[in-house]
Each structure stands twice: as structure tokens, then as C-alpha cells.
Amino acid sequence: MRKEITMTTIKEIAEKAGYSPATVSRLLNNDTNLSITADTKNKILEIANQLGYWKNHERKKLKPTIALLYRDDDTEQLQDEYFTSLKDKVNEITKREKLEIHTFHDISELIKKATNFQGFIAIGTNKPEILEMKRLHEVLPNGVFIDTNPMPKLFDTVKPNLALTVEDAVDRVVEAGYKRVGFLGISEKLNHMRDVRNVAFNECMWKFADKIEDNYEIVYAKQYSVEEGYRSGKKFLEDMKNDKVKLPDVIISASDTLTAGLLQAFNEKGINVPKDIAVVSINNSKVANFVSPPLSSYNVDQDKMVELAMQLLIDHIMDPKRQPVEMLLNTELVVRKSFVPKGR
């Protein structure tokens, strides 16, 4: 005997939620003229999920009210440019999609007002307390962190595939014939773990051990900033001189901001890029075009990351029981003067 499939109806949701079928229908069908409170929207969506509405109905693109948690800090402009740009992309896309969005800089304030939202998107580098993150998950579990996620076990993540980026960079410099390869990164751990870029570089050195004469880790920097890149560059050059060791043929830098400082240190010592040493960087930020020489840098598609974050957020609102997801987006090398791959 074939089992009959029962479908949740608008009327059932309306009866259990305590609102009119017309209100429920307009919300679930994205009526942009519907004016209801966040509490009403939350209640209807909660009941729709409980009754399994989305299992047997077309997953229309919801129009949730969302929060933007911008975890900015007081770092210099160049360091903050990447996350500022991501924030701008979020505002652009939510405006285009006619979504209501409110920005918070303090996680405690978002926790207080969590009932006004169906989910949130988070951007930035500030490290919130673990207890705060757990409390946020209790009151607003639908959240997506773009790039840096301090609690991936609780919330979705969309970020660039930096491990593959470094691997591709190493592949390209080895193919170009460079024998002494350096890596400029940071010494500090991110979320209690070594930066994935540092780890990927060391793994690649084992992979190409038969093709590379030497490798150098330049990891004096404590954070991604121009100042720390400059300080790291100066110390590295001093160490090379004191140990009477040859400079690398090429340096792969974890960030354009670090690279900008490194180039300043090189310029002071009369080291010419790319004649004396080639440099390939990551992020393809605005500074990559304006330093001398212009940087060959891996582009991170911020528009696509924000679009994917929005898709994940809406999916989680409609399926709140699913486990957190991590999505990795590949990058693409934009070739300029600091490094030219073989065949270009």
C-alpha cells in the first residue's frame, strides 16, 4: 500500500501560530509590503519549521530580518580594509535583495536584541569570549561568519580556501624555477590554531623537497599590519646578514598588508623587486595596485562569499536542525609586476 504524503498547509501554521492565514501566506510568499514585527515573523517561521512546511513546499527565498555583527577593532586602515570591504558588500547585497539589516559592533548588544532577528552575519577579527558565543547561539542560532569564525562548531562559515591558495603559489614559483622560497606570515595563533597559510606552506615544502634548495619562514609578525610587515622584513634582512645566508629567490606573503611593509624594508636596503627577489601576495586589496612594484596577488571574491553566506543563512532559517557548514571559496592569481608565472 502506498503511503499517503501529508502536506503542511498555511491554515495549519496559522492556527498553531495564532495569526491569520493571510499573514502567514504573505510572509511565506515574500510579500514585500507585509508589515509585521520580528516576534511575529519568528513565531510563524518557528511553527513552519516544526510542522515541516519546507519539506513539501518549494523553498522560496525568504526575506528575513538579519543582524550584521561587525567585529571591528582599532587597527590601522590598511589592515582593516579587507573586512570593511566585506561589510560594504553585505550592505550592498541586502539592499539589493530588499532585506532589513541592522549593524551591531558589540556582541552583548546583539544578544539583548536577538528576538528582533531571524539570523545574523558576522565579519571581523575581534575575538569574543567563548561564553558570549555560546549565549548568542542560545538566543540566535542562525548565524554565518564570513572569513574568520571563532566558533565553527556552532555557526556556519564561508571563507577563502587559503590552504589551496598557498599550495597554488608554491606550485607556480617552483614551476617558474625558483629554488629558495620564503614565506611571510604571522607568529600568533588564530583561534588557538596556527594560521592555515603557515601550515600549508610547511606541508608544501615537504612536497617539493627535491626541487627546492632552501625555504625560509618569516613569521616575526604578531598581526596582519603594514607596521608588522615592515618590522618582520627588517628583522629578516638582519638575520640573513648576520648568518651570511642568501636571500630567498621569492617570497610568498600571507597578506597584502604584510607585503606593503615588507616592500618598505626592502626599499630601504636597496633590494629590487622583482629583479633581486620576487613577491607573490594574497588578498588583492586596493594597496596591491599602488605599492611599487604592483603586487601579483590572489583575489578573494568577496561578492561571492557574501552571496554564499546569505544562502547559508536562509537555508539554516528554514532548516534549523542541520549541522553547521563550512564553505571554502577558491582564489585566483592576479598577475602584476612583483611576480610573473611561467608562460606569462
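The expected span of a helix is 1.5 Å times one less than its number of residues. The legends below describe close-up views of a predicted model.

**View 1. Helix α10 and its surroundings.**
Helix α10 comprises residues 256–268, 13 residues in total, and extends 19 Å from its first C-alpha to its last, close to the expected 18 Å. Ten of these 13 residues are buried, so the helix is largely enclosed by the rest of the structure. The buried positions in α10 are D256, T257, L258, T259, A260, G261, L262, L263, A265 and F266. After the helix comes G270, with a positive phi near 70°.

P274 is located in the loop between α10 and β9, the latter spanning residues 278–283. The peptide bond between V273 and P274 is cis, with omega about 10°. The relative accessible area of P274 is 39%, and this residue is partly exposed. When residues up to four places away in sequence are not counted, P274 touches P293, K337 and S338. V245 stands 29 residues from P274 along the chain, and their C-alpha atoms are 19 Å apart.

**View 2. P293 and a further cis peptide bond.**
S292 and P293 are joined by a cis peptide bond with omega about -5°.

**View 3. Aromatic pair of F145 and F155.**
The model contains eight aromatic pairs. One of them joins F145 and F155 in a tilted arrangement, with 5.5 Å between ring centres and 50° between the planes. F145 is part of strand β4 (residues 143–146), whereas F155 is in the loop between β4 and β5 (156–160), so the pair ties together parts that are ten residues apart in sequence. F145 and F155 are both buried. Ring pairs also bring in F120, giving a cluster of F120, F145 and F155.

**View 4. Aromatic pair of Y178 and F339.**
The rings of Y178 and F339 form a tilted pair, 6.2 Å centre to centre, with 45° between the planes. Y178 is situated in the loop between α7 (162–175) and β6 (180–186), and F339 in the segment after β12 (332–334), so the pair ties together parts that are 161 residues apart in sequence. F339 has a relative accessible area of 2% and is buried.

**View 5. Lysine over a tyrosine ring.**
K87 is positioned over the face of Y70, at 4.9 Å from the ring centre.

R322 occupies the loop between α12 (302–318) and β11 (326–329). With a relative accessibility of 15%, R322 counts as buried, because buried means under 20% relative accessible area. The side chains of R322 and D315 are joined by a polar contact of 2.6 Å. Residues up to four places away in sequence being excluded, R322 touches D156, L312, D315 and H316.

Although D147 is not a glycine, its phi is positive, about 80°. This residue is placed in the loop between β4 and β5, and its relative accessibility of 17% classes D147 as buried. N284, likewise a residue other than glycine, has a positive phi near 50°. N284 is found in the loop between β9 and α11; its relative accessible area is 18%, and N284 is buried.

In soluble globular proteins, nonpolar side chains tend to be buried together. The largest nonpolar core of this model has 47 residues, of which V170, V173, I252, F266 and V280 touch the most other members. Helix α7 gives the most to this core, contributing six residues. Neighbours within four places in sequence aside, V280 is in contact with A169, V173, I251, I252, S253, S296, Y298, L333 and F339. Another core, of 39 residues, lies apart from the largest one and includes A17, L34, I47 and I121.

Note on methods. Residues are numbered from 1 along each chain as its sequence is written. Side-chain values use heavy atoms; hydrogens and water are left out. Rings of Phe, Tyr and Trp (its six-membered ring) pair if their centres lie within 6.5 Å; planes under 30 degrees apart count as stacked, over 60 as edge-to-face and the rest as tilted. Helices (H or I, at least four residues) and strands (E, at least two) are DSSP runs, numbered from the N terminus. Buried means under 20% relative accessible area, exposed over 50%, partly exposed in between (1.4 Å probe, protein chains only). A charge sits over a ring if NZ of Lys or CZ of Arg is within 6 Å of the ring centre and within 35 degrees of the ring normal. Contact means heavy atoms within 4.5 Å. A polar contact is a pair of N or O atoms within 3.5 Å; within protein, one must be able to donate a hydrogen and the other to accept it, and residues adjacent in sequence count only if both atoms are side-chain atoms. A nonpolar core is a set of buried Ala, Val, Leu, Ile, Met, Phe, Trp, Tyr and Cys residues joined through side-chain atoms within 4.5 Å.
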